[in-house]
Amino acid sequence: MVKSQTLSSSRSSDSRSSWHRFIKILTPISVTSIVGLISVQAIATPPKTEAPLTPVAQAPPSQQTSQITLNGRVFTLPWSQWQTAGMIRIGVSDAALVQLFGAQLLNTSTVTNQPIDWFASATLPLSTRLAAPVRYLDITNLAQQLGWQIQSQGNTLQISTPSAKVLGIRQGQQLNGERLIIDLDRPAPYQVDPQSQELIITLDARTDPALVQSFKAKPGKQIKSLRIETIADRTILRIGIPIALRPRISTLSNPNRIVLDIRPDYLVDRDILWAPGLRWRQRYLTSGTAQFPVVWLEANPRQPGLRLRPILPNPATVPSIAPLIQTARQSQASAAINGGFFNRKNQLPLGAIRRNGEWLSSPILNRGVFAWNDQGEVRVDRLTLQETIVTSTGQQLLLTALNSGYAQPGVARYTSAWGSAYATLSQNEVLLTVQNNLVTERRFGAAPGSLFSIPSNGYLLVIRSNSAIATSLSIGTSLQLESTTSPSDLNLYPNIVGAGPLLIQNGQIVLDAKAEQFSAAFIQELAARSAIGQTADGTILMVTAHNRIGGKGATLAEMAQIMSRLGAVNALNLDGGSSTTLYLGGQILDRPSRSSARVYNGIGVFLQPNP
């Protein structure tokens, strides 16, 4: 048994008088002292108006940190402390409130208030505070209403909730699935951790050993197994469910209950204006006879301060992959969707990426791209980048690729954007070092994986399967680089992400995966899908679709239909399957975060001037 750590020994039933005594004690404390300690206790009847906090002579310094202790357990999630109208406020990120307490965010078209569903707490909408890339929800009054005790100590926010008890656990059969009900004597935080074959729910509530011993699980079609464990003041439920299913969890009050439904139609409708110009939506959409759970973001590229940018896991090197949540957090994006393809064996890029006018990797096979600028203009088309080397004697040499993992016979170019070194991709490559537009060195590659440095003031030319070209480019040869795109006007767009195939162009579905040289297996696959598009009014759609109700994922044609139903007049398919990931404000929206694969790049939404 693990003994729990309590943050405060006082859980007084005389909460109203305790609150007033606390205010009186705090009033004469200096500003420096009050920043380090904020403690809020429950009142007997929640006030209809916002309860006042201690006025201060001057505002405490704004504080944004990322460590929260909940009933003795430490979590790395953002929280913030600020001062409004002479009152100290405490806020936690969306992700913190959802992941630590089990709260559900409800629909809202008011960007300054976020209603929540947590044991009937929707009657107390939380004020929002956007401090990009995170949005904070003000929990000060909620803590007062529910009897939470809060202390800020350095970079740690300590939250202690009143002791709770599990009164009963019941299973039941529903029309569309199975239900598990957990009865509690009072509201209690809970955390949901989806594993590969198991759903783990941890409640900050104790359960009598007699209840654990008497409970008899009833394995069914959806709930395959159920185990209950107790650790001090916590109860852990381990629920075996099919890997394709996700739980639908809600809470009730009077009596207090957590209701868990395991059913094929798990997705709950959402329409949340998360920030000015950025909306989160989700619902089931129909394509033919199939219903797909679709989660998407709507971004207004003309919203002041809102920008879209390609994002990569490592800003110092192109060949790198990481979970999108990690890349988004590192790049300080408020929202993101996974981007283009990569070789899963060597983790090298297989498609176009251009950021702020700089080509980081070239397109391949004339595949589709999504291109945009900061004026809200978007172009979706198939793209070819043609780089040409011109010698001082007028000789022209067409290059096959730039900073690409797509190795083919000919000459490819690798710049410092690729990294400080290049590892050979095939046998017997010949490498020419070009510095200040002059060939300065010729080297021969051995086995694949041999490392060669890339100059910061030039580039490498990598010659594959044609050593005669190397002979014509002797040391000291002067070179000039020319670059064109087809279509030519795509070169005017500073930001480009390539994937494919094209789904919609100029309002028409133009899907032709064979024309973009995708394999038959890829074309026929039923998979989770990601796509990006634009509506007629200029709104950017970042869309994910997962397994249909009672079946597998979408075909490319079905994804095109989904984008069309959302109003897209231009749309591009992105990398899919386990790469399909949609991120917002610190959390993954469309799937359990642990099931998200590592990806090569993404498209990030930044709610501040150019990152």
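**Strands, rings and a buried threonine**

Tutor: Strand β36 (residues 410-414) and β41 run antiparallel and are joined by 5 bridges. This is a predicted model, in which local features need pLDDT of at least 70 and side-chain atom pairs pLDDT 80 or more, while totals for chains, interfaces and linings use all residues. Residues are numbered from 1 along each chain as its sequence is written, and side-chain values use heavy atoms, without hydrogens and water.

Student: Which sense does the pairing of β38 with β41 have, and over how many bridges?
Tutor: Strand β38 (residues 430-435) pairs with β41 in the antiparallel sense over 6 bridges. Q435 stands opposite G458 there.

Student: Why is β41 described as largely enclosed by the rest of the structure?
Tutor: Because 7 of the 7 residues of β41 (residues 458-464) are buried. Buried means under 20% relative accessible area, exposed over 50%, and partly exposed in between (1.4 Å probe, protein chains only).

Student: Why is the pair W118 and F119 called edge-to-face?
Tutor: Rings of Phe, Tyr and Trp (its six-membered ring) pair if their centres lie within 6.5 Å; planes under 30 degrees apart count as stacked, over 60 as edge-to-face and the rest as tilted. By this rule there are 10 aromatic pairs. For W118 and F119 the centres are 4.9 Å apart and the planes stand at 90 degrees, hence edge-to-face. W118 has a relative accessible area of 2% and is buried, and F119, at 5%, is buried too.

Student: Why is the pair Y414 and Y422 called tilted?
Tutor: Their centres are 4.5 Å apart and their planes at 35 degrees, so the pair is tilted. Y414 and Y422 are both buried.

Student: How do you know that the charged end of R367 sits over the ring of F518?
Tutor: The rule asks for NZ of Lys or CZ of Arg within 6 Å of the ring centre and within 35 degrees of the ring normal. The charged end of R367 sits over the ring of F518, 3.8 Å from its centre.

Student: Why does T581 count as buried?
Tutor: Because its relative accessibility is 0%. T581 lies in the loop between β48 (568-573) and β49 (582-584).

Key. Helices (H or I, at least four residues) and strands (E, at least two) are DSSP runs, numbered from the N terminus. Two strands pair if DSSP finds at least two bridges between them.
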